[in-house]
Amino acid sequence: MEKLTDQRSDRLLSLDVMRGIIMILLAAESALLYDSLAGLEAGGLAGSLIRQFFHHPWNGLRFWDLVQPAFMTIAGTALYFSYRKKQQQGISWKQHFRHVLIRSFRLFLCGVALHCVYAGKLVWELWNVLTQLSVTTLIAYLIIGRSIKVQLAVSVCLLLLTELLYRTVLMPGFDQPFAEGRNFGSWMDTVLMGKINSDGWVAINILPTAVHTIAGVAIGKAFSTYKTHLLRNLITAALLCLLAGYALDLLHITPIIKRISTSSFVLASLGWVILIFVMIYWLVDRLQYRKYAWIVTVVGMNAIFIYLFFETVGRQWLNGVVKIFSDGLVGWTGIQDAGLEIVAAFAVLLAEWCLCYWLYKKRIFFKL
């Protein structure tokens with residue numbers, strides 16, 4: 001834990017805004033807001049909108065499938081800014097690498113520990129986003145000082161390697177590259193953990209989704225080094241990623257599957273993430289629309305803390321306690337059960353935001 005002593009005037013506020021938006025969306029999921037809205041069983045446009053806040057069951061892409069890639073991407077951008085700052089302070093790549101290694105180890109431990117909390121016992125599971133980020137961070141840092149062209153080449157190699165593994169490593173019972181629970185990723189889970197995920201997630205996603213973190217590093221490098229035509233180049237890159245990702249899917253070459261992070265998914269999701277980041281950057285840092293940015297930045301500046309909080313204390317205790325009081329205070333109005341669930345979810349989300357706001361006002365920021 002550390003106290004903030006100063007604010008950098010050159011800080012890219014849009015990065016904090018995007019991180020804050022991601023954490024609020026994740027906190028809302030943990031508070032069961034989306035499940036509560038789904039309980040309304042709305043049809044038509046409303047139902048379609050609510051479904052966007054749940055992962056696609058397999059082959060396809062929804063808004064919620066972009067949250068983890070966005071988290072991985074901005075983590076890479078923040079990593080590059082940290083690396084550049086250390087360079088300016090005279091700290092070498094090797095010296096900073098020790099810090100990155102320790103932080104990655106802590107992220108890994110937190111990710112594994114969260115699965116133990118979910119299960120209510122000691123388990124060995126590697127599907128958590130923090131566990132994966134611990135590895136993708138190391139991969140990205142190994143080439144952080146290289147040119148964007150080299151980073152692009154490594155990214156392409158990682159996607160090609162993923163394609164090769166899924167298409168050529170065909171083990172008994174796991175010989176269908178893009179079938180749920182019967183692919184290379186699921187087989188690797190039996191090797192690494194002795195089990196497969198009932199929802200189709202695989203730990204080997206660390207390879208293809210490392211491309212998101214590497215892309216984040218490249219974006220940070222572009223913001224720091226290549227000012228000319230920056231937004232045009234980012235938008236062009238985003239459109240190329242979207243074109244390649246959706247073309248692979250539509251031509252039935254590689255389906256877009258988030259749960260095993262296929263190359264087409266990585267490209268399509270990265271394209272959307274870059275476009276979203278460009279839009280936020282344009283509004284916040286170019287047009288200076290910052291009046292209400294603090295609402296989300298107070299959450300984004302304690303991202304890891306609030307994530308661990310709502311995934312443990314929130315799910316295990318706060319959700320239930322808040323519901324007791326919210327039901328008691330508004331139940332007399334005659335609101336139906338589905339409505340009470342929504343009120344409770346918003347109340348939990350507000351309580352977690354207030355906690356972040358209090359930490360921000362006290363200038364207390366937690367880091368791993």
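Colleague: Leaving aside its neighbours within four places in sequence, which residues is Trp64 in contact with?

Modeller: Please keep in mind throughout that this is a predicted model. Trp64 sits in the loop between helix H3 (44-51) and H4, and its relative accessible area is 3%, so it is buried. When the neighbours within four places in sequence are set aside, the residues in contact with Trp64 are Leu25, Leu26, Glu29, Tyr34, Gln52, Phe53, Phe54 and His55.

Colleague: At roughly what angle do the axes of helix H1 and helix H4 cross, and is the crossing left-handed or right-handed?

Modeller: A pair of packed helices is described by two quantities, the distance between the axes and the angle between them. For helix H1 (residues 13-30) and helix H4 (residues 67-88), the axes come within 10 Å and the angle is roughly 145°. As for the hand of this crossing of H1 and H4, it is left-handed.

Colleague: By class, how many residues of the contact of H1 with H4 are nonpolar, polar and charged?

Modeller: On the H1 side the contact is made by Leu15, Met18, Arg19, Ile22, Met23 and Leu26, and on the H4 side by Val67, Ala70, Phe71, Ile74, Thr77, Ala78 and Phe81. Sorted by class, the contact of H1 with H4 has one charged residue, one polar residue and 11 nonpolar residues.

Colleague: Is H6 parallel, antiparallel, perpendicular or oblique to H9?

Modeller: The axes of helix H6 (residues 129-142) and helix H9 (residues 206-225) come within 8 Å, with a crossing angle of roughly 55°. Because of that angle, H6 is described relative to H9 as oblique.

Colleague: How do the residues of the contact of H6 with H9 divide into nonpolar, polar and charged?

Modeller: H6 passes H9 in a right-handed crossing. H6 brings Gln132, Leu133, Val135, Thr136, Thr137, Ile139 and Ala140, which meet Ile206, Thr209, Ala210, Thr213, Ile214 and Val217 in H9. The residues of the contact of H6 with H9 divide into no charged, five polar and eight nonpolar.

Colleague: Is H7 roughly parallel or roughly antiparallel to H9?

Modeller: The axes of helix H7 (residues 148-168) and H9 come within 9 Å and cross at roughly 170°. Angles over 145 degrees count as roughly antiparallel, so the description of H7 relative to H9 is roughly antiparallel.

Colleague: By class, how many residues of the contact of H7 with H9 are nonpolar, polar and charged?

Modeller: Among the residues that make this contact are Ile148, Gln151 and Val154 of H7, together with Leu207, Pro208 and Lys221 of H9. The contact of H7 with H9 has, by class, one charged, three polar and 14 nonpolar residues.

Colleague: To how many disulfides does the count come?

Modeller: A disulfide needs a pair of cysteine sulfur atoms within 2.5 Å. The cysteine sulfur closest to that of Cys116 belongs to Cys110 and is 12 Å away, which is too far for a bond. For Cys157 the closest cysteine sulfur, in Cys241, is 16 Å away, and this too is too far for a bond. By this rule the number of disulfides comes to zero.

Colleague: Near what value is the phi of Gln288?

Modeller: Most residues other than glycine have a negative phi. Gln288, in the loop between helix H11 (263-286) and helix H12 (294-300), is partly exposed, with a relative accessible area of 45%. Its phi is positive although Gln288 is a residue other than glycine, with a value near 65°.

Colleague: How far apart in space are Gly339 and Gly39, C-alpha to C-alpha?

Modeller: Gly339 lies in helix H14 (residues 337-361) and counts as buried, at 19% relative accessibility. In sequence Gly339 and Gly39 are 300 residues apart, whereas in space, C-alpha to C-alpha, they are separated by 8.9 Å.

Technical notes:
Residues are numbered from 1 along each chain as its sequence is written. This is a predicted model: local features need pLDDT of at least 70, side-chain atom pairs count only at pLDDT 80 or more; totals for chains, interfaces and linings use all residues. Side-chain values use heavy atoms; hydrogens and water are left out. Axes are lines fitted to C-alpha atoms, for helices over the stretch in contact, and angles run from 0 to 180 degrees between N-to-C directions. Helices (H or I, at least four residues) and strands (E, at least two) are DSSP runs, numbered from the N terminus. Angles under 35 degrees count as roughly parallel, over 145 as roughly antiparallel, 65 to 115 as roughly perpendicular and the rest as oblique. A crossing is left-handed if the near helix is turned anticlockwise from the far one by less than a right angle, and right-handed if clockwise. Contact means heavy atoms within 4.5 Å. Ala, Val, Leu, Ile, Met, Phe, Trp, Tyr, Cys and Pro count as nonpolar, Asp, Glu, Lys and Arg as charged, and the others, Gly among them, as polar. Buried means under 20% relative accessible area, exposed over 50%, partly exposed in between (1.4 Å probe, protein chains only).
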